[in-house]
Amino acid sequence: MQSSKPVNLLIIYDEEEIKKWLKNLPYIEIVTRDRASSYSSAYDSVCPKAMQVADHFHLLMNLSDALDTYFKSVSPKIKALIKEKNDEMSESVSSHETSVKIGESERLIRGFDSR
């Protein structure tokens, strides 16, 4: 981490192969990894004291997945709320138009009566 350069980049996903690779590197203190459970299990088994850190890409993927799940869960509620507010506004506009028409009619009648 001091050099901010990767020590190695693994392209394997087999947990046993990862464990073999890790046994040759007992000095590992921090590992960045993707979300594959094979990496997590191997690190926990071979170097349990190593800090596991998500890389930027996978951190953003985790955030994206969490936001997607959240918005899918609230989407029906939001749609219902929007419909409710639209209905309220439509009713309000309708009652306002009716009162304006009644008011205009009353003015017309009063105007006609005053002649």
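The chain comprises three helices and two strands, where helices (H or I, at least four residues) and strands (E, at least two) are DSSP runs, numbered from the N terminus. Read from the N terminus, these elements follow the order α-β-α-β-α. This is a predicted model, in which local features need pLDDT of at least 70 and side-chain atom pairs count only at pLDDT 80 or more, while totals for chains, interfaces and linings use all residues. Residues are numbered from 1 along each chain as its sequence is written, and side-chain values rest on heavy atoms, with hydrogens and water left out.

Confidence comes first. The pLDDT is the predictor's confidence in each residue, from 0 to 100. Its mean over the chain is 80, and 78% of the residues reach 70 or more.

Next comes the chain as a whole. Of its 115 residues, 17% count as buried; buried means under 20% relative accessible area, exposed means over 50%, and partly exposed lies in between (1.4 Å probe, protein chains only). Contact means heavy atoms within 4.5 Å. Among contacts between residues at least 6 apart in sequence, 31% join residues at least 24 apart.

Helix α1 (residues 15-23) packs against helix α2 (residues 37-46) at an angle of about 40°, and their axes are 9 Å apart. Axes here are lines fitted to C-alpha atoms, for helices over the stretch in contact, and angles run from 0 to 180 degrees between N-to-C directions. The two helices, α1 and α2, are therefore oblique to each other: angles under 35 degrees count as roughly parallel, over 145 as roughly antiparallel, 65 to 115 as roughly perpendicular, and the rest as oblique. On the α1 side, the contact is made by Glu15, Ile18, Lys19, Leu22 and Lys23, and on the α2 side by Ser38, Tyr39, Ser41, Ala42, Tyr43, Ser45 and Val46. These residues divide into six nonpolar, three polar and three charged. In this grouping, Ala, Val, Leu, Ile, Met, Phe, Trp, Tyr, Cys and Pro count as nonpolar, Asp, Glu, Lys and Arg as charged, and the others, Gly among them, as polar.

One of the contact residues of α1 is Glu15. With 27% relative accessibility, Glu15 counts as partly exposed. Its contacts, leaving aside neighbours within four places in sequence, are with Ser38, Ser41 and Ala42. The C-alpha atoms of Glu15 and Tyr39 are separated by 6.5 Å, although the two residues are 24 apart along the chain.

Within α2, the buried residues are Ser38, Tyr39, Ser40, Ala42 and Tyr43. Their cover includes α1 together with the strands β1 (30-33) and β2 (51-54). Strand β2 holds Gln52, which counts as partly exposed at 26% relative accessibility. Not counting residues up to four places away in sequence, Gln52 touches Ser40, Tyr43 and Asp44, as well as Val31 and Arg33. Between the C-alpha atoms of Gln52 and Asp34, 18 residues apart along the chain, the separation is 9.8 Å.

Finally, helix α3 (residues 56-113) contains His58. This residue, His58, has 16% relative accessibility and counts as buried. Beyond the residues up to four places away in sequence, His58 touches Arg33, Asp34 and Arg35.
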